[in-house]
Each structure stands twice: as C-alpha cells, then as structure tokens.
Amino acid sequence: MELSSGRAVARLEMSQVQSEDGEPFNESSDGDYESLPPHVSVTTHMTAGAVAGILEHTVMYPVDSVKTRMQSLQPDPNAQYKGVYEALKRIIKTEGIFRPLRGLNITMMGAGPAHALYFACYEHVKHSLSHIIQSGGNSHIANGVAGSVATVLHDAVMNPAEVVKQRMQMYNSPYRGLWDCVRTVTHTEGIGAFYRSYSTQLTMNIPFQAVHFITYELMQEQLNPHRHYNPSSHIVSGAAAGAVSAAVTTPLDVCKTLLNTQENVALSSVNISGHLSGMANAFRTVYRLGGLAAFFKGVQARVIYQMPSTAIAWSVYEFFKYFLTKQKLEQEAASGQL
C-alpha cells in the first residue's frame, strides 16, 4: 500500500480512505491494503494485533465459558445445559454473576503477546510469499501458509493460558484463583501439563487458521475488492471466516478441551488412570465416551463465540493498522515540510 506523504494524509475517515477530490482513495490499481508498505514497522502490526486479540477474547468470554462446559464428556448433573442462553442464565443464577468471567485474567495476559506475534508474522509471511507466488498480488496459498505459520507462534504463547483458563471454567473447579491453579498444576502434573495439548492445539488451529484466512481474504475480494478501509466489510468477512473455521474444527476442539481439563469422572468411566496425553488417545477416548456425536459437543456455542470474536478481531485490527499507519505518515509529512 503506497500512500502519498503530502496532503493526501488529511484525516481519519471510518468509512474509507478518501483522496482530496473526494474519490475513494486507492493506492494503485491492484494495490493490496492488507500488505502494508515496507517502511511501516513491525510494531504497528504487533500493537494492532495485541489490541485486537485482547478485545476478541474478552467481549465474548462468557460464551467461551459455556462452550468449555458444554464440551464436557461426563458433566455433573448440575452442569448439563440445553443451549447457550440457558447455560449462561443458570450459571449466573446458581454460581454468581461473575462466574462466567472466571479465567479471564489469564486469557488477557496470554492474548496480548500471542496476537501481537500472530498478526505480525501473518503480515510478514503473506507479503513475502505473495511476491513469490503471485508477483505481489493476493494469493490464497500465501494466505493459508501465512496463517498456519503464525499459528505456531500464537499457540506457543497461548497454550499454557488455555490450560489454566479451561480448568478454571469447569463446573466445581477446585482452584481458588489463577496462581493457585498454576502452582497446583505445576506441583502435581509438572510443567509439561501446560503443553500437553499443544500438538492437538496445532492440529486444530493450523487448519482453523488456514480456513479462517482464506475465507476472510476471499470475502474481502468480493466485498472490498479495492481494499479500502471499510469497517462493514471487515466485520462481515471476519464473522463468516470465524463461523466456517469454527464449525469444521469442532471435533479437534473437543479433544483439546479433554486434554486440557483432564476430566476425572470421564476418564475413570473408561478405566483411564493417570493423565491422558496425545491426540490419538484423546480421539479414541472421546469416541468411547460418546460416539461420533461427542465430537460436535458445544458446536453451537463455539460458532456463536467465534463469529463476533473474529469480526471484532479483524475490525479492530484493521482500524488500528490503518490508524497507526496514517499517523506515521502524517508525522513524516509534517517533518518533511519543516
């Protein structure tokens, strides 16, 4: 994206970037808004990504708590829910208004740095591969590969936070708080417990993010072909990408939840002692406990959570990316006039 450093950098418009004559501002006939100019620092991507990630996880966090409970393979009779709304209402009524937010603190601590790395890596790899594959144009292969590579970094940071978060979300969680959970898990299961589900998380998130980014970029081609800053197109594209990727990867998410929570009742019912580890073992255990239907437990809550979360993440990311880039160019233009 090449922007004039003169008077073209005038003011921030939420609808789109406009030039001085009022026409939609387009960097070039085939310019790609997603690929920022080379002189924009990695800090821009990381700042925008961190803010987007924190908001993505916090706004819809209560629904994520419901999703974790609905994926329980042997739930307590008091924690069996018919739907997302009914579950939220009952949790608040019986356990307190703040119960659906339990574990939010560790999620925010992990989401900031994880998403900063995630978006910075995605933009860099996509930009580099697009030049190789498509001579600078948009490439679905580049988008998918970039999303997958970014996921490896994201999950390395986020996986321990996911373990703590999901254990605190479960019904009758024995942990008094964040640090009690960290200390107890470390003491009883070792540091490895925080990465027990890492391979499953990657197996889930690499296809999730590949589908996510390909769907998002495909939607942008249809809704925003000139790649202006267009909040409505970012929201719709993000929601569609979140829904599709969440639905197709739910079976892996169920396995990940089992590995993270180590449900004692469920594991005891199939004569598993100790700790369950490994994706293959998780798949076999889920199937033994509930058949094929068990792989789609919580799919409704997962889609309901991911649609607005992904829409929020993309719209906030695109706004901050645009705003920070524009601010930098305004400073450069001002210094050039001195």
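Aspartate 253 counts as buried, because its relative accessibility is 0% (buried means under 20% relative accessible area, exposed over 50%, partly exposed in between, with a 1.4 Å probe and protein chains only). The structure is a predicted model, in which local features need pLDDT of at least 70 and side-chain atom pairs count only at pLDDT 80 or more, while totals for chains, interfaces and linings use all residues. Residues are numbered from 1 along each chain as its sequence is written, and side-chain values use heavy atoms, with hydrogens and water left out.

The chain has twelve helices and zero strands (DSSP runs numbered from the N terminus: helices are H or I of at least four residues, strands are E of at least two). Of its 338 residues, 53% count as buried.

**Salt bridges**

The model has 15 salt bridges (a side-chain nitrogen of Lys or Arg within 4 Å of a carboxyl oxygen of Asp or Glu). Three of them are listed here.

| Salt bridge | N to O distance |
|---|---|
| Aspartate 64 and lysine 165 | 2.8 Å |
| Aspartate 253 and lysine 67 | 3.0 Å |
| Arginine 302 and aspartate 253 | 3.5 Å |

Aspartate 253 has a salt bridge to lysine 67 and another to arginine 302. Arginine 302 lies in helix α12 and aspartate 253 in helix α9, so their bridge ties together parts that are 49 residues apart in sequence. Arginine 302 is buried, at 4% relative accessibility. Salt bridges with shared partners join Asp64, Lys67, Glu162, Lys165, Asp253, Lys256 and Arg302 into one network.

Lysine 67 is also buried, with a relative accessible area of 3%. The pair of aspartate 253 in α9 and lysine 67 in α2 links parts of the chain 186 residues apart.

The bridge between aspartate 64 and lysine 165 joins helix α2 to helix α5 across 101 residues of sequence. Aspartate 64 has a relative accessible area of 3% and is therefore buried; lysine 165, at 4%, is buried as well.

**Cavities and pocket**

There are two cavities of 30 Å³ or more. On a 1 Å grid over the protein atoms alone, a cavity is a set of points where a 1.4 Å probe fits but cannot get out, and a pocket is an open set with protein on both sides within 12 Å along at least five of seven lines; lining residues have an atom within 4 Å of a point. Grid points are joined across faces, edges and corners, and a volume is the space filled by probe spheres set on the points.

The largest cavity holds about 370 Å³. Its lining has 25 residues, with Glu56, His57, Phe208, Gln209 and Gln306 nearest the centre. By class, this lining has eight nonpolar, nine polar and eight charged residues (Ala, Val, Leu, Ile, Met, Phe, Trp, Tyr, Cys and Pro are nonpolar; Asp, Glu, Lys and Arg are charged; the others, Gly among them, are polar). Helices that supply at least two lining residues each include α1 (42-59), α2 (61-70), α9 (250-261) and α12 (299-337).

The largest pocket has a volume of about 560 Å³. It is lined by 23 residues, and Tyr171, Thr261, Gln262, Glu263 and Asn264 are the closest to its centre. Helix α10 (residues 264-269) gives the largest share of this lining, four residues. The lining of the largest pocket divides into nine nonpolar, nine polar and five charged residues.
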